[in-house]
Amino acid sequence: MISLRRSVGISIGSISSSKMRSGLTTLGIIIGVAAVIANVSLGASFNQFFNDEIGAVGSNFIVIYSQGVNVFFDKELDLIKNTPGVEGVSPINQQMARVTYLSTSRQIDIQGVTEDYGEVANLKMDAGNFLEDKDQFVAVLGSEIAYEKFDKKISLKNPIEITFRREDGSVVTQKFIVKGIIQDPNTAFVETGVEPEIRIFIPIGTMNQMLGADDYGGFFIKASSLEIVRETADEIDVRLARNLGVSSRELENDDTKPYMMFDQLDALEQTNQVSTALTSLLTSVALISLIVGSIGIMNIMLVTVTERTREIGLMKSLGYTRKDILTLFLIESTILSLIGGICGTALGIGVALIANYFLDLPNVFPVNQIIIGFIVSIFVGLLAGIYPANKAARMDPVEAFRHE
């Protein structure tokens, strides 16, 4: 029986003697493996990117919006504050208003909040500071409002006028001084309804005073950790529903509640579904390339068997067994796929790095999946070599000698 070392040496010699053919053979595997590695890595990078975007919206957040007026008051605010797991909460009121700066007016979304909103929503300031509960006629602007919405950029301490229309049709105007400007969180791909860059924030007490209201439109809540976000949200849901007269048997029916709510885990689940579907689609396409590459190996190995028919006959006449011939061709096929797997893995990582750079994505390389892709390439090459190897091993030595 031929030794493994000798078999590898003979296979490497055969591959080296036909460099062009061997290179073209491995090219299919290289492309297939590179496509699989690159697409899996891109999928993981997109997943991390979406998670980072959601993290920019807020830390362990829970958002509640009323679906009517006069639903939430101070009683509900206190109820949420006293719920286990709640680290911070800010009531929210939201209304479109006419904002005038110098001689330019624009319709802008105004949000009334408390000072806790800055921490709960994970806001980063580009200039100045966020609101404090003692503030009255000051405003904090999103970066898009301050720098792009008006003919001239708005700076700190600049005055702006905000005009609200009340429910009775009357209007009320008040001058506000710009206290701060919020950085753009760059969450263009994740829509949560709390995008700070396109809003102006003012003290909720001042806003309610101007509107002649005393209710809240919703709450922005921070749980003490991501692990208990869902548990905390469920407890808030139970307490709010009970307080607002929703029976326990109708608790699971969202249509019976005068409010809607979602949390950070809901947003993460949605984005994970998108990134998983994207990764699966791209990887499926890449696997087709890998299959095409394996077919290429099989075709080349079949040609090799035909070209080496007389050599196979000679080897058998010298005492090489059927098992030896089978081993030689399988090792040759495996070496080709191994070379293709190494080169394809390196190429796939390189392509992913370049794509992440141009798409401004984080570099994430799931090592376990890369290893699996590499092993699959070797397995595919081995499978592709079984039929040609078996065909060579079954040759009759006399007939092989007669082959021209």
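A residue counts as buried when its relative accessible area is under 20%. Lys-222 has a relative accessibility of 12% in this predicted model. Lys-222 is therefore classed as buried.

The side chain of Lys-222 meets that of Glu-119, with N and O 3.6 Å apart. Lys-222 belongs to strand β9, which spans residues 218-223. Glu-119 belongs to helix α4.

In total, the structure holds 10 salt bridges. Side chains of opposite charge can pair when their charged atoms come close. One of the bridges joins Lys-257 to Asp-237. The closest N and O atoms of this pair are 2.8 Å apart. Lys-257 sits in the loop between α7 and β10 (259-263), while Asp-237 sits in helix α7. The pair links distant parts of the chain, 20 residues apart. Both Lys-257 and Asp-237 are buried.

Glu-235 pairs with Arg-239, and their closest N and O atoms are 2.9 Å apart. Both residues lie in α7. Their separation is 4 residues, about one turn of the helix. Glu-235 is partly exposed, at 32% relative accessibility. Arg-239 is partly exposed too, with a relative accessible area of 23%.

Two packed helices are described by the angle between their axes and the distance between the axes. Helix α3 covers residues 74-81, and helix α7 covers residues 229-243. Their axes come within 10 Å. The crossing angle is roughly 150 degrees. Angles over 145 degrees count as roughly antiparallel. Helices α3 and α7 are therefore roughly antiparallel to each other. The crossing of α3 past α7 is right-handed.

Most residues other than glycine have a negative phi. Leu-102 has a positive phi, near 55 degrees, and is not a glycine. Leu-102 lies in the loop between β2 (86-101) and β3 (104-113). With a relative accessible area of 59%, Leu-102 is exposed. Asn-122, likewise not a glycine, has a positive phi of about 60 degrees. Asn-122 is placed in the loop between α4 (116-120) and β4 (125-128). Its relative accessibility is 23%, so Asn-122 counts as partly exposed.

The surface also carries a nonpolar patch. The patch is formed by Met-20, Leu-24, Leu-27 and Ile-31. Together these residues have about 420 Å² of accessible area. Leu-24 is located in helix α2, which runs over residues 19-57. The relative accessible area of Leu-24 is 54%. The cut-off for exposed is over 50%, and Leu-24 is therefore exposed.

Definitions and conventions:
Residues are numbered from 1 along each chain as its sequence is written. This is a predicted model: local features need pLDDT of at least 70, side-chain atom pairs count only at pLDDT 80 or more; totals for chains, interfaces and linings use all residues. Side-chain values use heavy atoms; hydrogens and water are left out. Patches are made of residues with over 30% relative accessible area and no salt bridge: like charges are joined within 9 Å, nonpolar side chains (Val, Leu, Ile, Met, Phe, Trp, Tyr) within 5 Å. Accessible areas come from the Shrake-Rupley method with a 1.4 Å probe; for residues, only the protein chains shown count as cover. A salt bridge is a side-chain nitrogen of Lys or Arg within 4 Å of a carboxyl oxygen of Asp or Glu. Helices (H or I, at least four residues) and strands (E, at least two) are DSSP runs, numbered from the N terminus. Buried means under 20% relative accessible area, exposed over 50%, partly exposed in between (1.4 Å probe, protein chains only). Axes are lines fitted to C-alpha atoms, for helices over the stretch in contact, and angles run from 0 to 180 degrees between N-to-C directions. Angles under 35 degrees count as roughly parallel, over 145 as roughly antiparallel, 65 to 115 as roughly perpendicular and the rest as oblique. A crossing is left-handed if the near helix is turned anticlockwise from the far one by less than a right angle, and right-handed if clockwise.
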